Amino acid sequence: MGGGSKGKGQPRAMAPVGEVDIAAVRYEPRPMQAPHLTGFGLRAFVWLLESRLLGPLVTSVLKKQNNMTQMLQNTVIPERAMYYPEFPPQEPEQGVVVVAEDRDPVERVEEALRCLAPYDPSARFTSADDKNPFLYWKIRDFAYAYRSGITTPSAVAEHVIAGVEEWSNKKPPMPMLIYFNADDLRKQADASTKRFEQGNPISVLDGIFFAIKDDIDCFPYPSKSGTTFFDKIRAVEKDAVCVARLRKCGVIFIGKANMHEFGLGVTGNNANYGTARNPHSIDRYTGGSSSGPAALVSSGLCSAAIGTDGGGSVRIPSSLCGIVGLKTTYGRTDMTGVVCDAGTVEVASPLTASVEDSMLVYSALAGSRPMDKLTLRPLPLCVPNLVSSHNTNILQSVKVGKYTEWFHDVSDSEISNTCEDALNLLCSTFGCQIEEIILPELEEMRTAHVVSIGSEALCDLNAHYQEGRRTELTLDTRASLALFGSFTSTDYVASQCIRRRIMYYHMEAFKKVDVIATPTTGMTAPKIPPSALKIGESDYVVSANLMRFILAANLLGLPAITVPVGHDKQGLPIGLQLIGRPWGEASLLRVASAVEELCLKRRNRPSTFYDILKA
């Protein structure tokens, strides 16, 4: 624990972070200790947790089993608290184009468009072969099809409606959307179709179908956050800022996407509306909490979706469903109009089928709120210039950090080996270098993250929780909130002290490397227990495996992206995660684009797929 020591009768004391011998640190994984519960066992467990007499005893045992009590209550941490990500000054990125967040989103998208390779429809609207494997239609494919008269947004809307209704009417229900209004979708599509008929499309995003996670406001749809009641106590009066920016570009919103209730889980289980299924294998979870957004994009029913990521909730489902998930720097995107808009770990970010589409969507929705500009001092909003003559040289100079022992701490070596193969291919093709790094105190980071996100979530919900809404929540949400309620003010402050230490270690690593690479998740998509469908499931061990590599980006506010790089023996997708410096989204997108291109032939289309463009 960072060079900690303990004398007889004294609490453990961590060495000041600047005095820790990072080179001497050894990776010591500590498996999560918690029961896996569904059905009656879950009901009984929640009853115990919520009991005034027995609840404190149960949470105390859980925290001691996972070393949380010693870490937060019995350890002297010399660093002062960091209550939100504090970034040291960063050097400007190389080979980028500034799209300037104070410009209109349409202008920003057009600027990003000029940074992509020229569009060649002949390479897209032909039969797939070994040289040109086809997976997903991209945003520019739809734009071309609309402009050339191949199809219209209205025609595509009918295919979307048919697909959504088919998926929702399966037995058992597998709804990707919590709120869906076919008439409203047709109305939006008709307006877009008329713009194309008149020769006045707004942007390349005009007529492109998007899903919005249920905790982001998209007027006039309700925001339920996956619950049965939240829309009754929080009315939606206008679009969230990120949604409004997309609407300005002509985007068509298909509805509010399913999610893990209040985002307090990473499997995507939702006993209220039915659990979204993984299009690659419908007996498996999508991952969460942005379960519906990932399933919709992966199945081809929309080109992009906007989710929220406070604990991997964009990257985990993107990885498990074989798509691209970008988590932006904390404060890069205005969170006004997002249910969880006051936390210190959460961002709203895109899920797309390709890195190219992620870049276009990012250029439209990004832009800090005024207060964040003052406190965080973001670097200018940029995208990589992928058509620059310097692009290859920049890739050649990239140094990729890899903490080998951590990298291989996965449930099956097939995951880390597949990710390692992708990195080796990147290096052999472009001349990048892999540098060994060490990131100390990863278990402390896990504890600091759960205390931070848990305390902030409970603070947002506590008034409703105390006023009798508790029984309207799903059982696994109630279990999480009961655990969060056991955290003390000293636990929270200690976690913020740990946040400062973890930030130091990562900034030291970034003095040597440009990006840090890991598998996105420690396991591929887990199976859905049939007993979990009716009343939910609590499985912190699975959650810990899914979250193993994603927490630094949330606790420290760093940008990160997951790119599909292959499949395991069961055909389940494997994602490679790249973590960047603060405000380094453009550099991440450049490296991610190169990885995606190199691994394209290793990706498989999901078994459940809707071709909404050519249907």
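Helices (H or I, at least four residues) and strands (E, at least two) are DSSP runs, numbered from the N terminus. The model shown here is predicted, so local features need pLDDT of at least 70 and side-chain atom pairs count only at pLDDT 80 or more, while totals for chains, interfaces and linings use all residues. Residues are numbered from 1 along each chain as its sequence is written, and side-chain values use heavy atoms, with hydrogens and water left out.

**View 1. Confidence along the protein chain.**
The protein chain averages a pLDDT (the predictor's confidence in each residue, from 0 to 100) of 95. A score of at least 70 is reached by 97% of the residues. Confidence is highest in β16, at a mean of 99, and lowest in α17, at 93.

**View 2. An open sheet of 11 strands.**
Follow the strands in the order β5-β7-β6-β10-β12-β11-β18-β19-β16-β14-β15; the sheet is open and its pairing is mixed. Two strands pair if DSSP finds at least two bridges between them. At the edges are β5 (177–179) and β15, each of which pairs on one side only. From one strand to the next, the twist averages 35 degrees. Helix α12 (residues 355–365) lies across β6, β10 (304–309), β11 (324–327) and β12 (347–352). The helix runs at about 145 degrees to β12; axes are lines fitted to C-alpha atoms, for helices over the stretch in contact (heavy atoms within 4.5 Å), and angles run from 0 to 180 degrees between N-to-C directions.

**View 3. Strand β14 and its two partners.**
Strands of a sheet pair through backbone hydrogen bonds, either parallel or antiparallel. Here β14 (residues 399–402) pairs with β15 in the parallel sense over 4 bridges. To find your place, look for Lys399 opposite Gln433 in β15 and Lys402 opposite Glu436 in β15. Strand β16 (residues 515–519) also pairs with β14 in the parallel sense, over 2 bridges, and Gly401 stands opposite Ile516 in β16.

**View 4. Strand β19, covered on both faces.**
Why is β19 largely enclosed by the rest of the structure? Because 8 of its 8 residues are buried, where buried means under 20% relative accessible area, exposed over 50% and partly exposed in between (1.4 Å probe, protein chains only). One face holds Pro573, Gly575, Gln577 and Ile579, the other Ile574, Leu576, Leu578 and Gly580. Strand β18 (residues 560–567) pairs with β19 in the antiparallel sense over 7 bridges, with Ile561 opposite Leu578. Strand β16 pairs with β19 in the antiparallel sense as well, over 5 bridges, and there Val515 faces Gly580. The hairpin of β18 and β19 has 5 residues between the strands, and Gly571 takes a positive phi near 80 degrees in it.

**View 5. Backbone geometry in the loops.**
Another cis peptide bond joins Gly288 and Ser289, with omega about 10 degrees. Ser289 belongs to the loop between β9 (281–285) and α10 (291–298). Positive phi values also turn up at residues that are not glycine: Glu441 has a phi of about 60 degrees and Trp583 one of about 65 degrees. Glu441 lies in the loop between β15 (433–436) and α17 (442–469) and is buried, with a relative accessible area of 7%. Trp583, in the loop between β19 (573–580) and α23 (585–598), is buried too, at 2% relative accessibility.

**View 6. The largest nonpolar core, and a second one.**
A nonpolar core is a set of buried Ala, Val, Leu, Ile, Met, Phe, Trp, Tyr and Cys residues joined through side-chain atoms within 4.5 Å. The largest has 180 residues, and Phe209 and Leu246 have the most contacts inside it. Helix α19 (residues 489–509) gives the most to this core, with 9 residues. A second, separate core of 11 residues includes Val46, Leu49, Leu62 and Ile535. Zoom in on Phe209: leaving aside neighbours within four places in sequence, its contacts include Tyr146, Pro153, Leu185, Ile252 and Cys302.

How many disulfides does a search of the whole structure find? The search finds 0, a disulfide being a pair of cysteine sulfur atoms within 2.5 Å. For Cys302, the nearest cysteine sulfur is that of Cys321, 12 Å away. Cys302 is buried, with a relative accessible area of 4%. The sulfur of Cys419 is 9.0 Å from the closest cysteine sulfur, in Cys599, which is too far for a bond. Cys419 is buried at 0% relative accessible area.
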